[in-house]
Amino acid sequence: MEFPKPGKRRISRRDFLKAGLLGGGATAVAATLAQTSAGATHLHASPIGAQPTPPPDAADDTGHHAAGDDHGGFGTVGQVDPAVNGFDPHVILQDWDFGQVSTLPGGQTLREYRIVAVDKEFEIAPGVVFPGWVYNGRVPGPTLRCVEGDRIRIEFFNGGSHPHTIHFHGIHAASMDGVPGVGPGMIQPGGSTVYEFDAFPFGCHLYHCHATPLKRHIHKGLYGAFIIDPDPARHPAEAAQARSRHHLSPENKDVNEMVMVMNAFDTDFDGENEVYAANTVAFAYMNKPIVIRRDQRQRLYLVNLTEFDLINSFHLHANFFDYYDHGTTLTPTLRTVDTIMQCQAQRGILEFDFKGFEPGHYMFHAHQSEFAELGWMGFFEVQA
Ligand SMILES: [Cu+2]
């Protein structure tokens with residue numbers, strides 16, 4: 001194996017693969033990065049050129065072990081501390097932001113959100129710190145959730161060092177589109193604006209900064225999921241499925257819902273990603289699998305915000321799922337598939353369960369194998 005010399009700054013994604021940074025083996029490249037990255041504190045470094053060393057037995061209080069220990073060499077050595085980042089991929093899975101709710105004079109529900117963009121460094125893999133731009137201190141930004149027909153009001157403040165916007169995927173007026181040169185356009189550092197519109201259509205959507213250069217503003221971390229629940233009263237023919245999707249209905253409580261935003265990070269700004277993940281932290285769901293109940297219906301809101309690569313994908317092991325493209329229908333647009341691909345901004349809803357399966361660890365990952373090996377891989381821990 002070839003390793004970069006200590007102190008060398010430019011490291012390609014191939015170097016990450018060759019050195020096994022994310023493969024649970026030797027961490028020479030990570031050591032190199034750690035020498036140049038402030039705040040890199042979680043690295044278990046090996047000497048340059050050393051044989052791979054077994055990862056430490058990192059059993060946590062729930063009995064989970066570091067993935068490299070139990071699962072054949074994938075995963076990271078060490079773990080990213082959510083307390084240091086200020087956000088936790090496991091919390092993000094189900095951290096819905098319903099806004100501040102009130103009722104307008106005409107009876108319409110108003111949901112008010114406040115979103116602040118700031119510059120922030122965060123760890124995307126042990127020892128790998130990314131200088132990002134974030135909404136409300138986290139990547140992905142808050143998962144905004146509402147109901148079809150609600151009035152949405154977002155007060156946006158730019159506390160960052162560059163001009164930013166929020167562009168929502170949904171139906172709204174041109175002036176509310178959050179693009180340069182239209183309506184309020186680019187919001188300068190220290191500036192603010194209000195985006196307001198009615199939530200249509202129901203589905204699994206997203207928002208992101210649309211300042212230029214667009215690819216830079218997206219890959220730095222300014223994006224999030226935007227979920228509009230269907231209003232069952234508007235869909236009498238499919239009311240049961242609409243109620244299942246509506247967060248205030250009893251039927252919705254029977255379903256275990258999660259959101260995963262597929263993303264990636266270009267750590268050396270060469271226009272290629274070095275680290276891949278769902279919800280930002282490489283191998284977060286390998287190192288600590290997502291515990292689900294075997295008999296419970298699972299609903300996964302999946303959004304792709306990967307920059308630089310043309311597509312990303314999700315593959316579920318040992319099982320199949322139904323898929324609702326964009327989440328804008330109440331009947332599946334694909335049935336009984338185990339892999340789905342999405343271009344950037346494409347998204348959809350996966351539904352599945354593990355009824356009748358033996359309990360255990362069931363893998364999911366991008367089926368671009370390179371993405372999987374660079375961090376976009378995890379486990380459901382299916383419990384009876
Ligand atoms: Cu921006």
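What follows is a conversation about the structure shown above.

Q: What kind of model is this, and how are residues numbered?
A: This is a predicted model, in which local features need pLDDT of at least 70, side-chain atom pairs count only at pLDDT 80 or more, and totals for chains, interfaces and linings use all residues. Residues are numbered from 1 along each chain as its sequence is written, and side-chain values use heavy atoms, with hydrogens and water left out.

Q: Is cysteine 209 buried or exposed?
A: Cysteine 209 is buried, as is histidine 217. Buried means under 20% relative accessible area, exposed over 50%, and partly exposed in between (1.4 Å probe, protein chains only).

Q: Changing topic, what is the strand order in the open sheet of five strands?
A: The order is 1-5-10-9-7, with mixed pairing. Strands (E, at least two residues) and helices (H or I, at least four) are DSSP runs numbered from the N terminus, and two strands pair if DSSP finds at least two bridges between them.

Q: Which strands stand at the edges?
A: Strand 1 (96–97) and strand 7 (167–168) do; each has a single partner strand, so one side of each is left without a neighbour in the sheet.

Q: How many bridges join strand 1 to strand 5?
A: Two bridges join them, and the strands run parallel. Aspartate 97 stands opposite leucine 144 in strand 5.

Q: What is phi of threonine 280?
A: Threonine 280 has a positive phi of about 85° although it is not a glycine. Threonine 280 is buried, with a relative accessible area of 0%, in the loop between strand 12 (275–278) and helix 9 (284–287).

Q: On to charges: how many salt bridges are there in the whole structure?
A: A search finds 16, a salt bridge being a side-chain nitrogen of Lys or Arg within 4 Å of a carboxyl oxygen of Asp or Glu.

Q: What does arginine 138 pair with?
A: Arginine 138 pairs with aspartate 95, the closest N and O atoms being 2.9 Å apart. Arginine 138 lies in the loop between strand 4 (128–135) and strand 5, and aspartate 95 in the loop between helix 5 (89–92) and strand 1, so the pair ties together parts that are 43 residues apart in sequence. Arginine 138 counts as buried at 9% relative accessibility, whereas aspartate 95 counts as partly exposed at 31%.

Q: And what does aspartate 353 pair with?
A: Aspartate 353 forms a salt bridge with arginine 297, at 3.5 Å between the closest N and O atoms. Aspartate 353 lies in the loop between strand 19 (347–352) and strand 20 (360–365) and arginine 297 in strand 14, so parts 56 residues apart in sequence are tied together. Salt bridges that share partners join Arg145, Asp229, Glu257, Arg297, Arg299, Glu351 and Asp353 into one network.
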